[in-house]
Amino acid sequence: MIALFDRIYASLNRLGDSLLPLLARLTFAGVLFMYYINSGLTKLGDGISGLWTPSLGAYAQIFPKQMEAVGYDVSQLPGYSTIIVLAGTWAEFILPVLIIIGLLTRLAALGMIGFVVVQSLTDIIGHGAAAGGWFDGSSDSLIMDQRSLWVFLLLVLVFKGAGWLSVDRMISGPSADPAA
């Protein structure tokens with residue numbers, strides 16, 4: 001009986017190692033991909049030059065209190081503000097695409113975790129959003145509850161990699177670790 005259990009457990013473990021990364025990326029695609037793409041689009045300026053000249057809304061989203069303090073005049077913000085806004089905007093496009101195609105997946109997922117943390121702190125401190133809390137009997141707080149699930153999903157990719165159907169796996173070859 002124990003030997004049978006061990007064989008079943010080993011099979012389930014191999015199946016989990018193979019499926020979890022793919023399912024994590026699929027879940028990311030279905031739940032968060034367009035959320036981040038649409039958020040990034042709100043930060044672009046007009047035309048092709050919008051890729052390096054963010055919209056006023058981008059600054060207001062990322063630096064809400066500072067923008068209010070300077071009367072929404074971007075020219076009064078420190079010069080590094082534009083670099084931060086551009087980095088955040090590009091990250092909203094680049095990191096999700098890397099995760100979806102499975103390229104540099106562990107690094108991209110780690111970057112997304114950092115992004116979610118900064119986004120959450122900006123929402124709580126800068127925009128005054130309610131953080132909510134864990135173990136409060138409610139599962140609908142936008143920050144603590146939802147974003148902790150986002151981070152958990154991304155942690156699966158950090159620890160397990162992109163899985164067998166990914167660019168990472170194509171680059172590393174078929175003999176590589178199936179969770180790579």
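## A walk around helix 5

Start by selecting helix 4 (residues 80-101) and helix 5: their axes come within 9 Å and cross at roughly 140°. Axes here are lines fitted to C-alpha atoms, for helices over the stretch in contact, with angles running from 0 to 180 degrees between N-to-C directions. Helices themselves are DSSP runs (H or I, at least four residues), numbered from the N terminus. Helix 4 and helix 5 are therefore oblique to each other; angles under 35 degrees count as roughly parallel, over 145 as roughly antiparallel, 65 to 115 as roughly perpendicular and the rest as oblique.

Before going on, keep in mind that this is a predicted model, where local features need pLDDT of at least 70, side-chain atom pairs count only at pLDDT 80 or more, and totals for chains, interfaces and linings use all residues. Residues are numbered from 1 along each chain as its sequence is written, and side-chain values use heavy atoms, with hydrogens and water left out.

Now show side chains where helix 4 meets helix 5. On helix 4, pick Gly88, Ala91, Glu92, Leu95, Pro96, Leu98 and Ile99; on helix 5, pick Thr105, Ala108, Ala109, Gly111, Met112 and Phe115. Those are the residues in contact (heavy atoms within 4.5 Å).

Next, bring up helix 1 (residues 2-41) alongside helix 5 (residues 105-126). Their axes come within 14 Å and cross at roughly 45°, so helix 1 and helix 5 are oblique to each other. Select Arg25, Phe28, Tyr35 and Tyr36 on helix 1, then Thr105, Met112, Phe115, Val116 and Gln119 on helix 5, to see who makes the contact.

The largest pocket holds about 360 Å³ of space. (A pocket is an open set of points on a 1 Å grid over the protein atoms alone, where a 1.4 Å probe fits, with protein on both sides within 12 Å along at least five of seven lines; lining residues have an atom within 4 Å of a point. Volume is the space filled by probe spheres set on the points, which are joined across faces, edges and corners.) Of its 18 lining residues, Lys43, Gln61, Ile62, Phe115 and Gln119 lie nearest the centre. Helix 5 gives the most to this lining, with seven residues.

Last stop: the second largest pocket, at about 170 Å³. Select Val116, Val117, Ser120, Leu121, Ile124, Trp134, Ile143, Met144, Arg147, Ser148 and Val151 to display its lining. Helix 5 again supplies the largest share, five residues.

Methods: Helices (H or I, at least four residues) and strands (E, at least two) are DSSP runs, numbered from the N terminus.
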